[in-house]
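Here are my notes for your first look at this model. Keep the sequence and the 3D view side by side as you read.

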Amino acid sequence: MSAVQMRTKRARHPHDDAPDTAEDFRRIVALPEGPEKEELKQRVVEAWMPMAERLAQRFRNRGENLEDLQQVASLGLVKAVDRYDPGRGKAFESFAIPTIVGEIKRHFRDHMWGLHVPRRVQELRNKVRVSRRELSLTMGDRSPTVARIAEHAGMSEEDVLVGMEALESYSTLSLDAELPGAEDGYSLADTLGRTEPGFDHVIYRESVKPRLKRLPEREQRILYMRFFCDMTQTKIADELGCSQMHVSRLISRTCQRLRDEVDADSDTGRERELTAA
């Protein structure tokens, strides 16, 4: 083989995993839809599969299983074979690589983020991540500043800050995860506040207090003996010299009146809030 032929071959197939399937693609275009065409497509896909797996290797160590990435790359390869038109004069490898890589990046964008992040923010994150990695090669142990990253990436400092925030949104952390430096199992869940049921009691008590003071003395005394002294209705009746049934009616009527007054004030307060809004 002459030197010219060797250079031509290297130019057409720069990788060992780039088979010569030009004739197969010409046959695919000429064949009508059917089993023979599908079988030929499948053969071409199998021939180019090593290239798809090589492209998937570029994205390893990014939180996704390599086998899953290879499956995504294979899907991209199938799409490339289906869409490729040899009549446009473009080599299949030049068409397939961006198709496969695009499919892998789409997989990361749509399925790997723990939180939904707009595409623009994802792109800012990628720029920040690449710039930080490149700067770290020349800055040693020092972390690049926001201004340095912005200058290196050609971004505004505001966009750099957005991208840096997105770096923390790629994956979520369990609430049961132990906090760094914690030796007793102290987790994120332990830092969260909890609803304090006593707060409601405070609100109810303060709402009822002024209305209790406005009750007739006899009703105040009955409520005091029943709810503060924990006396039975029978004992209260003996204390007041009336029937137990009469004490029961007084307690029910007084409590209902207090409840209605508190609810009415609450409704009035909500109406004022809505009006102000």
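Which side chain meets R211 in a salt bridge? Read on for the reply in point 2.

1. Ground rules. This is a predicted model, where local features need pLDDT of at least 70, side-chain atom pairs count only at pLDDT 80 or more, and totals for chains, interfaces and linings use all residues. Residues are numbered from 1 along each chain as its sequence is written, and side-chain values use heavy atoms, with hydrogens and water left out.

2. R211 and its partner. The side chain is that of E261, at 3.6 Å, N to O. A salt bridge here is a side-chain nitrogen of Lys or Arg within 4 Å of a carboxyl oxygen of Asp or Glu. R211 sits in helix 9 and E261 in helix 12 (residues 244-276), so this pair links distant parts of the chain, 50 residues apart. Helices are DSSP runs (H or I, at least four residues), numbered from the N terminus. R211 is buried at 10% relative accessible area. E261 is partly exposed at 31%. The cut-offs: buried is under 20% relative accessible area, exposed is over 50%, and partly exposed is in between (1.4 Å probe, protein chains only).

3. Other salt bridges. The whole structure holds 13 salt bridges. One of them joins R120 and D159 at 2.8 Å, N to O. R120 belongs to helix 6 (residues 119-139) and D159 to helix 8 (residues 157-167), so the pair ties together parts 39 residues apart in sequence. Another joins K209 and E206 at 3.2 Å, N to O. These two are 3 residues apart in helix 9 (residues 198-213), about one helical turn. K79, E103 and R106 form a network of salt bridges.

4. Aromatic rings. A search of the whole structure gives 6 aromatic pairs. Rings of Phe, Tyr and Trp (its six-membered ring) pair if their centres lie within 6.5 Å; planes under 30 degrees apart are stacked, over 60 edge-to-face, the rest tilted. Y84 and F92 have ring centres 5.2 Å apart and planes at 75°, so they are edge-to-face. Y84 is buried at 12% relative accessibility, and F92 is buried at 5%. Y84 and F95 are tilted, because their planes are at 40°, with centres 5.8 Å apart. F25, W48, Y84, F92 and F95 form one aromatic cluster.

5. A charge over a ring. Look at R226: its charged end sits over the ring of F227, 5.9 Å from the centre. The test is NZ of Lys or CZ of Arg within 6 Å of the ring centre and within 35 degrees of the ring normal.
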